[in-house]
Amino acid sequence: MATKILTIVKKHPVFIGLIGLLIIIAGFFTIIDQQQLSSTAAEAPFIRESSKAEIHSAVPVSAITNDPKQVQVVLARVYLDGEISEEIVEETIWSMEDFWAQYREWELIDQNEATVVFQQKVDDISPLLKINGYFGISDEGTLNIYDGNPAGEKVIQSFFQINTKELKSHQQRELQNGIPVLSRDRYEEVLKTYKKYAKQEM
């Protein structure tokens with residue numbers, strides 16, 4: 001048997017050489033494939049992590065957080081004396097539910113794309129009256145509240161006409177000089193006192 005193989009080798013040396021070369025190449029590729037398989041197995045956890053990230057990124061952003069909206073909020077406070085003060089606030093709205101909850105004690109008056117107007121009735125007199133409001137009487141006998149001394153004739157609020165003939169002398173002097181408003185209690189007290197001398201409602 002060995003003699004036959006030797007005879008084939010002697011007769012076909014080139015053929016045998018090609019077979020040997022093919023065997024060597026096949027072995028080389030086998031080694032490379034094994035290395036690639038090992039490398040892939042080692043990197044597999046990172047591939048799975050990447051897949052998870054892709055899944056999360058596929059979720060719409062709106063499902064995670066709402067796009068913020070900038071609006072101008074106007075807060076109008078209406079006081080007992082009829083004075084209205086306005087405060088303007090710039091708001092960033094992340095949640096409409098939270099926004100409405102924040103202003104649940106306010107009455108919605110108007111709104112558009114850029115502005116929301118709220119109103120609230122305040123059970124008190126305005127800061128202006130507390131600081132610089134004075135009761136006084138006009139030449140026609142009307143009880144007014146003035147911004148500063150009645151002599152300046154800057155009327156803030158008007159009430160009713162008084163029968164000046166029925167007033168006591170010190171009451172007339174007080175009204176001519178001006179009675180400071182100062183507080184809600186004082187405001188209601190003065191109105192109650194001079195209501196008794198009213199001629200008619202305005």
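Below are my notes on strands, salt bridges and the pocket.

**Before starting.** I'm working from a predicted model here, so I treat each value as computed from it.

**Strands.** I began with β4, residues 115–121. Which strand pairs with β4 in the parallel sense? I found β1, residues 69–78, joined to β4 over seven bridges. On the antiparallel side I got β3, residues 107–111, with four bridges to β4. I also checked the turn: β3 and β4 make a hairpin, and three residues sit between them.

Then I looked up Phe118 in β4. Leu75 stands opposite Phe118, and Leu108 stands opposite Phe118 too.

**Salt bridges.** How many salt bridges does the count give? I got five.

I took Arg77 and Glu87 to start with; their closest N and O atoms are 3.0 Å apart. Arg77 belongs to strand β1 and Glu87 to strand β2 (residues 84–93), so I logged the pair as a link between distant parts of the chain, ten residues apart.

Next came Asp123 and Arg184, whose side chains meet at 2.9 Å, N to O. Why does this pair tie together parts that are 61 residues apart in sequence? Because Asp123 lies in the loop between β4 and α5 (127–132), while Arg184 is in helix α7 (residues 184–195). Exposed or partly exposed, I asked myself about Asp123? Its relative accessible area is 54%, and the cut-off for exposed is over 50%, so Asp123 is exposed. Arg184, at 26% relative accessibility, is partly exposed.

Asp124 has a salt bridge of its own, with Lys130, and there the closest N and O atoms are 2.7 Å apart. Asp124 comes out partly exposed at 22% relative accessibility, and Lys130 is partly exposed with a relative accessible area of 32%. I then traced shared partners: salt bridges join Asp123, Arg184 and Glu188 into one network.

**Pocket.** Which residues line the largest pocket? My list runs Ile137, Ser138, Asp139, Asn144, Tyr146, Pro150, Ala151, Glu153, Val155 and Gln176. I sorted the lining by class and got five nonpolar, three polar and two charged residues.

Definitions and conventions:
Residues numbered from 1 in each chain as written. Predicted model: local features only at pLDDT ≥ 70, side-chain atom pairs only at ≥ 80, totals over all residues. Heavy atoms only, no water. Pairing = 2+ DSSP bridges. Helix = DSSP H or I, 4+ residues; strand = E, 2+ residues; numbered from the N terminus. 1 Å grid on protein atoms, 1.4 Å probe; cavity = no way out; pocket = protein on both sides within 12 Å on 5 of 7 lines; lining within 4 Å. Nonpolar A, V, L, I, M, F, W, Y, C, P; charged D, E, K, R; others polar. Salt bridge = Lys/Arg side-chain N within 4 Å of Asp/Glu carboxyl O. Buried < 20%, exposed > 50% of the residue type's maximum accessible area, 1.4 Å probe, protein only.
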